[in-house]
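This report describes one protein chain in plain terms. It begins with the chain as a whole and then turns to selected parts.

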Amino acid sequence: MRDTYISDSIFYIGVDDKTLDLFESQYPVPNGVSYNSYVILDDKVAVLDTVDARASEQWLANLDQALAGRPVDYLVISHMEPDHAANIGRFAQKYPDAKLVGNAKTFSMVGQFFSMDLEGRKLEVKEGGLLELGHHTLQFFTAPMVHWPEVMVSYEQTEKVLFSADGFGKFGALDAEEGWAEEAARYYWNIVGKYGAPVQALLKKALKLDIAMICPLHGPILKGDLGEYVKKYQMWSAYEPEGQGVLIAYASIHGNTANGAREMEALLRQKGGGPVETLDLARTDMSLAVRKAFYYDRMILACATYDGGLFPCMEEFLHHLKAKNYQKRTVGMMENGTWAPMAGRLMRGLLEEMKDIKLMDPVVTIRSALRPEDKDAMEALAKAMS
């Protein structure tokens, strides 16, 4: 377990889930995930968020241990997504005198998930609102579309702790032997990536605060020099590439398009245009492929024509990129087809729907297998992309 100490008054009561295979039923989490929850013990007691239903019993036990018999005054609801809010109903039953703290959009959603009477139980807060607990004071800032419309973050003024909701989260249980950046990036681009402008708006609010620690709803508590974490979020939310280089993403049926992709990789390496990474979209997890696409400043797509359209994994990849707001990149294309190559035109059509994408010519057309006469077009595209 990573260091979960926050202070003598603020405690971590979250739960690791190492049995989950797919986060949100689509993103592999080989090292699990953490559902983070916190409690502040002061004159008044505030719990910050619950956890997924998969972790209910352990969370309730953790909360009981931290409370040591004390009553609870407030449950702060940062985000209504079920991996954080599934236990609101059970909490409300167990602590009938506790008030639920949220904004207007929070409470519009509570009734959609739970059949419960909120009369006299809700405390609605607004932007900049305060909740006095005694020595500690929580201040609330709305963060709409990071990544649901009701999201808010909480700043504890005395100990300078930012409870950042899904911001600064990562995949992986707290005892995962891995660094923060890569799984935080895969988490960001697939969960929050579409919402760069809302993330930037939240960062502007956060950077006005004196923050000593960041407590997200997934992943480790961030301590020490927070500058690197903030720098990553500023870069990601502005859709700026992290690295100079080329991603070659290919969708091949029988291996001929793959051969073309590997030949392009060799040509790019010869021309020294920076690092080159090649991914087989049929065998690469889509969430990783999306993360890699946003990492590099350039990308080459190589795709076989299939039933008059795109080979399915390429079509899925491009739809994921569009959904996550892929932009500010240079893209080249290679297509393959035995009698009616269509992939180049179809990829172009999807890419032209995206923002600030520079499409490079020529489109390399392979007819079945790579042949010597394809060399000139391959060389020209490699030169344009270097």
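Among contacts in the chain with a separation of 6 or more, 71% are between residues 24 or more positions apart; a contact here means heavy atoms within 4.5 Å. The model is predicted, so local features need pLDDT of at least 70 and side-chain atom pairs count only at pLDDT 80 or more, while totals for chains, interfaces and linings use all residues. Residues are numbered from 1 along each chain as its sequence is written, and side-chain values use heavy atoms, with hydrogens and water left out.

## The chain as a whole

The C-alpha trace spans about 80 × 40 × 35 Å along its principal axes. The chain holds 12 helices and 22 strands. Both kinds of element are DSSP runs numbered from the N terminus: helices are H or I with at least four residues, and strands are E with at least two. Of the 386 residues, 57% count as buried. Buried means under 20% relative accessible area, exposed means over 50%, and partly exposed lies in between, using a 1.4 Å probe and protein chains only.

The accessible surface comes to about 16200 Å², and carbon and sulfur atoms make up 50% of that surface. Such areas come from the Shrake-Rupley method with a 1.4 Å probe, and for residues only the protein chains shown count as cover. The chain carries 41 positive and 53 negative side chains, with the centres of the two sets 5 Å apart. Lys and Arg count as positive and Asp and Glu as negative, whereas His and the chain ends are not counted. Each charge is placed at NZ of Lys, CZ of Arg, CG of Asp or CD of Glu.

## Strand S16 and its partners

Strand S16 covers residues 243-251, and eight of its nine residues are buried. Which strands pair with S16? One is S18 (residues 296-306), which runs parallel to S16 and is joined to it by seven bridges. The other is S17 (residues 276-280), also paired with S16 in the parallel sense, over five bridges. Two strands pair if DSSP finds at least two bridges between them.

On the S18 side, tyrosine 250 has alanine 302 as its bridge partner. On the S17 side, leucine 247 has glutamate 277 as its bridge partner, and valine 246 stands opposite valine 276. From S16 the chain passes through helix H8 (residues 256-271) to S17, in a right-handed β-α-β crossover. Right-handed means that, with the strands pointing away from the viewer, the path from the first strand over the helix to the second runs clockwise.

Leucine 279 lies in S17. Leucine 279 counts as buried because its relative accessibility is 8%. Leaving aside neighbours within four places in sequence, the contacts of leucine 279 include Leu247, Ile248, Ala249 and Tyr250, and also Ala289 and Lys292. Between leucine 279 and tyrosine 250 the C-alpha distance is 6.4 Å, although they are 29 residues apart in sequence.

Ala289 and Lys292 are also among the buried residues of helix H9. This helix (residues 286-295) is mostly covered, with eight of its 10 residues buried.

| Bond | Omega |
|---|---|
| valine 146 – histidine 147, cis | about 5° |
| aspartate 361 – proline 362, cis | about 0° |

Histidine 147 is in the loop between strand S12 (137-142) and strand S13 (152-156). Proline 362 is in the loop between strand S21 (355-359) and strand S22 (364-366).

That loop between S21 and S22 also holds methionine 360. With a relative accessibility of 14%, methionine 360 counts as buried. Leaving aside neighbours within four places in sequence, methionine 360 is in contact with Thr330, Val331, Gly332, Leu381, Ala384 and Met385.

Alanine 165 has a positive phi, near 55°, in a residue other than glycine. Alanine 165 belongs to the loop between strand S14 (161-163) and helix H5 (181-192) and is buried, at 2% relative accessible area. Serine 368 likewise has a positive phi, near 80°. Serine 368 sits in the loop between S22 and helix H12 (375-385) and is partly exposed, at 25% relative accessible area.
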